[in-house]
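Please read the following report alongside the sequence and the three-dimensional view.

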Amino acid sequence: MPSLRKWLLSGLLVLVPLIITLWVLDWVVSTLDQTLRILPVSWHPDHVLGMHIPGLGVLFALAVVLSIGAMASNIIGYKLVHWWHALLHRIPVVRSIYSGVKQVSDTLFSEKGNAFRKALLIQWPHEGMWTIAFLTGAPTGDVLAKLRAQPGNQPVDDPDVFCSVFVPTTPNPTGGYFVLVRKSDCVELQMTVDEALTYIVSMGVIVPGGPRNVHLKVAALPPSAS
């Protein structure tokens, strides 16, 4: 029985990551293959080649993105994009959604942005309890003024005293909390963002730059009073 249990766990350790990886790749390829539907039926690869080849949608989506990027990089394309942005900002409901999404995407994909460029160690949700967070920027305007006016926050001229961070949840880092903290209360980590995400997703099992299996000695709990 001990040998069977060992073989079962070893098999799961090999198969589970492989199956999940293949499932994610299959979902991505299947989703991007749907982009071929924007082509006329007579142009579909299935119709032209007489057979279905998975992954052609990935190449087509990549070609579309590169083409739009090349067009937006020249003067005429820049004016068209600017006109498109101005048009969307005139539509009441679309304006709110589009402007918010665009600001987030500009921050995440901009070469000059610092969003998720640094992994930090902060005390959360209370003092004495530490967790990993990601730097997303710095508060400005009314938020910064209100932070400076709070009791215990001395007025300072340095606008970078406070910073905005994202505290992800585990094992799903897509959810989390947006927190404003002092820079002096943050400890910058040497690990990369990818390493920090791996550390969070694995719930601390995979330690960046350390052994994969860390055995901890937990003190025995005191007997219950009841």
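The report covers confidence, the sheet and the nonpolar cores.

## Basis and confidence

This is a predicted model, in which local features need pLDDT of at least 70, side-chain atom pairs count only at pLDDT 80 or more, and totals for chains, interfaces and linings use all residues. Residues are numbered from 1 along each chain as its sequence is written, and side-chain values use heavy atoms, leaving out hydrogens and water.

The protein chain has a mean pLDDT (the predictor's confidence in each residue, from 0 to 100) of 77, and 82% of its residues reach 70 or more. Over residues 212-221, pLDDT stays under 50.

## The sheet

Strands pair if DSSP finds at least two bridges between them. Two bridges join β1 to β5, and Leu121 has Val187 in β5 as its bridge partner.

## The nonpolar cores

The largest nonpolar core has 10 residues, among them Leu120, Ile122, Val165 and Cys186. Such a core is a set of buried Ala, Val, Leu, Ile, Met, Phe, Trp, Tyr and Cys residues joined through side-chain atoms within 4.5 Å; buried means under 20% relative accessible area, with a 1.4 Å probe and protein chains only. Strands β1, β2, β3 and β4 each supply at least two residues of this core, and the largest share, three residues, comes from β3. A second, separate core of nine residues includes Ile132, Leu189, Met191 and Val193.

Notes:
Contact = heavy atoms within 4.5 Å. Helix = DSSP H or I, 4+ residues; strand = E, 2+ residues; numbered from the N terminus. Buried < 20%, exposed > 50% of the residue type's maximum accessible area, 1.4 Å probe, protein only.
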